[in-house]
Amino acid sequence: MLLTKEIESCLKVNGNIYDFISVSIYNIKKRVPKIADPVEFVCSIYDNTGIYKEIRTNSRLAFMKTMLPFEQLDFIKKTFNTTCETDNSEKHQFSVLYSILLGINDAARAWSEEALTSWGPLDTDDKHKIRVYLRPHSTLITSFEDGVKRKRNIEFNELIDPLDSFVILDIKELKLKPGQSIPTGIFVRPGTNNWKKGKLRIGIAPLCCNKNFSFKYRKIAESTYKAHVEYLSASEQKPFAVKARKILEKASQSRCNIVIFPEFTCSDQLRDAIKNTLESLNKNRAPVPDLIFAGTNWTSGNENVLIVFNGQGKEIGKYYKHDHYDDPDEKGNRIIEDIQNRWKEVDFYGLPGIGFIMPVICKDAIVEDGPADLFSKIFLPLLIVIPAWSPSVSSFERLTGSTKDNFTSFVMSDACSAVHSDKEFSIGMSIIVTKHNSVVSGNAKAISKSGCSSSDCDQGCLEVLEYDFRFVPGKNRGDPPIHNTSVRKIVQ
Ligand SMILES: [Zn+2]
């Protein structure tokens, strides 16, 4: 009676509801466009109050209580069989299956996020290349979404979009090469009194002013070089480790939720200094950030890896850079970053009530349809953080396009040693989703360095930004918002 053997086998005792979703979506994507127009198909389900209402109401009740209710897989099986008893045409069976998914989607809004250790992929089997993540029930921009009355992604997928309690990842979209990983969503519990409702404090650390590494070049063709990073000696790293400690102490005093160090700067010594400082802040019961993007570490195998700590000083995730830089130097030589193991590991972070926070590294945010664009479109994160080492802060302004379409905000943290100090001294960029007149857009601002003009600074400079996501729409259509989102710099 059931649609396919695969779906049948998912509905077994002790089965995983996410496996059922994954297999169902695979079959629906494959078959529905052949038997019906997807838009008409979805509309007919909403119109058919009989099946849809019945299943929706029942499943909502049935799924309310617990996270992985395998008894309820039995319930799905029964519902399916009863509903298809009199009409077992393929179209009817798919309508029932899709209605059940809508019911699960509704019920998922009540599932306990606290029971999670990961946001996904939560299905256990990727043989169909469809993976399922749970999406946070509410995020800091829920009020914005409600206020502007528009769905976040404009690229309309009529079959998938209604299932908005989940991220349903079609792996094809990532165009993975052998050895590359799909993203893993790490569960982070927000610190007790750190998150202010609707606001997020982000510290960016330019690590002024000198580099703790140098670029080394290997000639591969006429005027063409591959570049890698070599760190200064352990004793030469000491002042940088002291700076890292001062930076985190300032972040603690300013009650930052997130701290971001730049690309390349996370030598082994800096990594240790960050870990030790977080541990001692905890020991002294000082406030700590929830996420520390510790900058990227260049490994002896030429990997460019972002290291991420939680507030307790534990390394909780990594991100391997995907796109290499390929730029001319002052002499017109072509310089190509020599990176290996792109996307070997791709971790992102989800905080209940806050949303997804996803990192990418420098060039990954600049490349058209690169990681930042893809993640913004697929995962609809609240925020993408970008540790960078770039002479040009303005190259990141293009991300306002993703903000307009997907409501993703961004923060880019550059190294002081990457920017030309004779120009206007920007060491990062903030982009927040905003509404101006009737248009949703990304409000981009370069972040200038304050309180430090020294060429030999050892203060441990930290620029603290407050992202305020609160949004209150105007009374009438076309009125400006009563409270709009904003980013302001906190003077310490
Ligand atoms: Zn400074």
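Strands are DSSP E runs of at least two residues, helices are H or I runs of at least four, and both are numbered from the N terminus; two strands pair if DSSP finds at least two bridges between them. This is a predicted model, where local features need pLDDT of at least 70, side-chain atom pairs count only at pLDDT 80 or more, and totals for chains, interfaces and linings use all residues. Residues are numbered from 1 along each chain as its sequence is written.

**The chain overall**

- The protein chain has 12 helices and 21 strands.
- Of its 492 residues, 43% count as buried, meaning that 20 or more other C-beta atoms lie within 10 Å of the residue's own; exposed is 12 or fewer, partly exposed is in between, and C-beta atoms are placed from the backbone.
- Take the contacts between residues at least 6 apart in sequence: 72% of them join residues at least 24 apart. A contact needs C-beta atoms, placed from the backbone, within 7 Å.

- S12 pairs with strand S13 (residues 334–337) in the antiparallel sense over 3 bridges, and Asp327 stands opposite Ile335 in S13.

**Other strand pairs**

- Strand S20 (residues 463–468) runs antiparallel to strand S5 (residues 199–204), joined by 6 bridges; Gly203 stands opposite Val464 in S20.
- S20 also pairs with strand S21 (residues 486–490), antiparallel again, over 5 bridges. Here Tyr467 has Val487 in S21 as its bridge partner.
- Strands S18 (residues 426–436) and S19 (residues 439–448) are antiparallel over 10 bridges, with Ser430 partnered by Lys445 in S19.
- S18 and S19 make a hairpin with 2 residues between them, and Asn437 in the turn has a positive phi of about 50°.

**The H8/H9 pair**

- Helix H8 (residues 234–253) packs on helix H9 (residues 268–283) at an angle of about 35°, with the axes 8 Å apart.
- Residues making the contact include Phe240, Ala244 and Leu248 of H8 and Leu270, Ile274 and Leu278 of H9.
- By class, the contact has 10 nonpolar, 4 polar and 1 charged residues. Ala, Val, Leu, Ile, Met, Phe, Trp, Tyr, Cys and Pro count as nonpolar, Asp, Glu, Lys and Arg as charged, and the others, Gly among them, as polar.

**Backbone spots to look at**

- The peptide bond from Gly120 to Pro121 is cis, with omega near 5°; Pro121 lies in the loop between strand S1 (118–120) and strand S2 (130–134).
- Cys208 and Cys209 are also joined by a cis peptide bond, omega about 5°, and Cys209 lies in the loop between S5 and S6.
- Arg255 isn't a glycine, yet its phi is positive, near 55°. It belongs to the loop between H8 and strand S8 (258–260), and with 19 C-beta neighbours inside 10 Å Arg255 counts as partly exposed.
- Asn341, not a glycine either, has a positive phi of about 55°. Its loop runs between S13 and strand S14 (347–351), and Asn341 is partly exposed, with 16 other C-beta atoms within 10 Å.

Note on methods: Axes are lines fitted to C-alpha atoms, for helices over the stretch in contact, and angles run from 0 to 180 degrees between N-to-C directions. Two residues are in contact if their C-beta atoms, placed from the backbone, lie within 7 Å.
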